[in-house]
Amino acid sequence: MKTALTIAGSDSGGGAGIQADLKTFSAHGVFGMSVITAVTAQNTMEVRSVQAIDTGIITDQIAAIFEDIHVDAVKIGMLGSKEIVETVAASLNTFLPAIVILDPVMISKSGHHLLDEKAVSALKTELLPLATLVTPNVPEAEVLTGLSIRTKQDFYEACISIKELGAKAVLLKGGHSAGNPNDLFYDGTDFFWIKGERIHTKNTHGTGCTLSSAITSNLSNGLPLRQSIEQAKTYISEAIRNSFSLGKGHGPVHHFYSFSKEERSDLI
């Protein structure tokens, strides 16, 4: 079985973060492992509080995995602070995983800031150069580049700007744009639009985490990068289409939508 490691925050509501990542890995037949960077008190409506994990524990979590289990790919999500960004970067420079997918989580669905200004600077200098692929949404890309992203031309320019920060490839997600949520993939040479369909539902909690984890899973399973992205886009679209109303706010997407009721029972 192929393996994937998520380095991210815990979502007590189960819809995003570590919980969404592990569900996505399982749905793709990949053995998931986790390094928890922060614990959030969170539900479908809000992030009430965040407790960062001690950097020494984060270092130990990463080392414990790499020194024992082969890691086919790493997905990075919420980090929270400059110190945690630097800690994760130092560990990755030690163990040098072949595939690193960076989802630059900055703001929660409810509007809670999850990455401070100093951490953004560290992420740009320390982690982006290690990334096989970085997957920002429009607000995150605007923070990374300082650009206002409104038009198709803005998408192209933002991808180029982020690529110049050191990432090997960029997937700029279009979910925050008007119309259909088309994403722009830039591999450093060519641009490819990954088309999407706007599904009208409020139950979109964890979409970014799930998409990046699906890409990570596909890469772990040996698919090329562009195909991994295209298949992950299909997966998240169907997970949104089959999402369900859980809680009073933004409900979660359905990570196991393609499984029968009996198969889902086996997973649980």
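Predicted model: local features only at pLDDT ≥ 70, side-chain atom pairs only at ≥ 80, totals over all residues.

Trainee: Thanks! Which strands does E4 pair with?

Mentor: Strand E1 (residues 3-11) runs parallel to E4, joined by 4 bridges. E4 also runs parallel to strand E5 (residues 100-102), through 3 bridges. Two strands pair if DSSP finds at least two bridges between them. The strands (E, at least two residues) and helices (H or I, at least four) are DSSP runs, numbered from the N terminus.

Trainee: Which residues sit across from each other there?

Mentor: Ala4 has Ala73 of E4 as its bridge partner, and Ile76 stands opposite Leu102 in E5. Between E4 and E5 the chain passes through helix H3 (residues 82-95), a right-handed β-α-β crossover. Right-handed is defined like this: with the strands pointing away from the viewer, the path from the first strand over the helix to the second runs clockwise.

Trainee: Are the faces of E4 covered or open?

Mentor: Both faces of E4 (residues 73-76) are covered. Ala73 and Lys75 on one side are buried, and so are Val74 and Ile76 on the other. Buried means under 20% relative accessible area, exposed over 50%, and partly exposed in between (1.4 Å probe, protein chains only).

Trainee: Which residues touch the most other members in the largest nonpolar core?

Mentor: That core has 42 residues, and Leu5, Ile7, Ile76, Leu79, Val88 and Leu127 touch the most other members. Another core lies apart from it, with 24 residues, among them Ile194, Leu219, Phe256 and Phe259. A nonpolar core is a set of buried Ala, Val, Leu, Ile, Met, Phe, Trp, Tyr and Cys residues joined through side-chain atoms within 4.5 Å.

Trainee: What is Leu79 in contact with?

Mentor: Leaving aside neighbours within four places in sequence, Leu79 is in contact with Ile7, Thr37, Ile84, Val85, Val88, Leu115 and Leu127. Contact means heavy atoms within 4.5 Å.

Trainee: New topic: how many disulfides are there?

Mentor: A search of the whole structure finds 0 disulfides, a disulfide being a pair of cysteine sulfur atoms within 2.5 Å. The sulfur of Cys159 is 20 Å from the closest cysteine sulfur, in Cys209, so the two are too far apart for a bond.

Trainee: Is Cys159 buried or exposed, and what about Cys209?

Mentor: Cys159 counts as buried, at 0% relative accessibility. Cys209 is buried as well, with a relative accessible area of 13%.

Trainee: Okay, hairpins. How many residues join E2 to E3?

Mentor: The hairpin from E2 to E3 goes through 4 residues. Strand E2 (residues 31-42) and strand E3 (residues 47-52) are antiparallel, with 5 bridges, and Gln42 has Val47 as its bridge partner.

Trainee: And what about E8 and E9?

Mentor: Strand E8 (residues 183-186) pairs with E9 in the antiparallel sense over 4 bridges, and Leu184 is partnered with Trp193. In their hairpin, with 4 residues between the strands, Gly188 takes a positive phi near 100°.

Trainee: Which way do the side chains of E9 point?

Mentor: In E9 (residues 191-194) they alternate.

Trainee: Which phi does Leu96 have?

Mentor: Leu96 has a positive phi of about 50°, although it is not a glycine. Most residues other than glycine have a negative phi. Leu96 is in the loop between H3 and E5, and is exposed, with a relative accessible area of 60%.

Trainee: Last one: where is Asn242?

Mentor: Asn242 is in the loop between helix H8 (225-241) and helix H9 (261-267). Asn242 is partly exposed, with a relative accessible area of 35%. Leaving aside neighbours within four places in sequence, Asn242 is in contact with His254 and Tyr257.

Key. Residues numbered from 1 in each chain as written. Heavy atoms only, no water.
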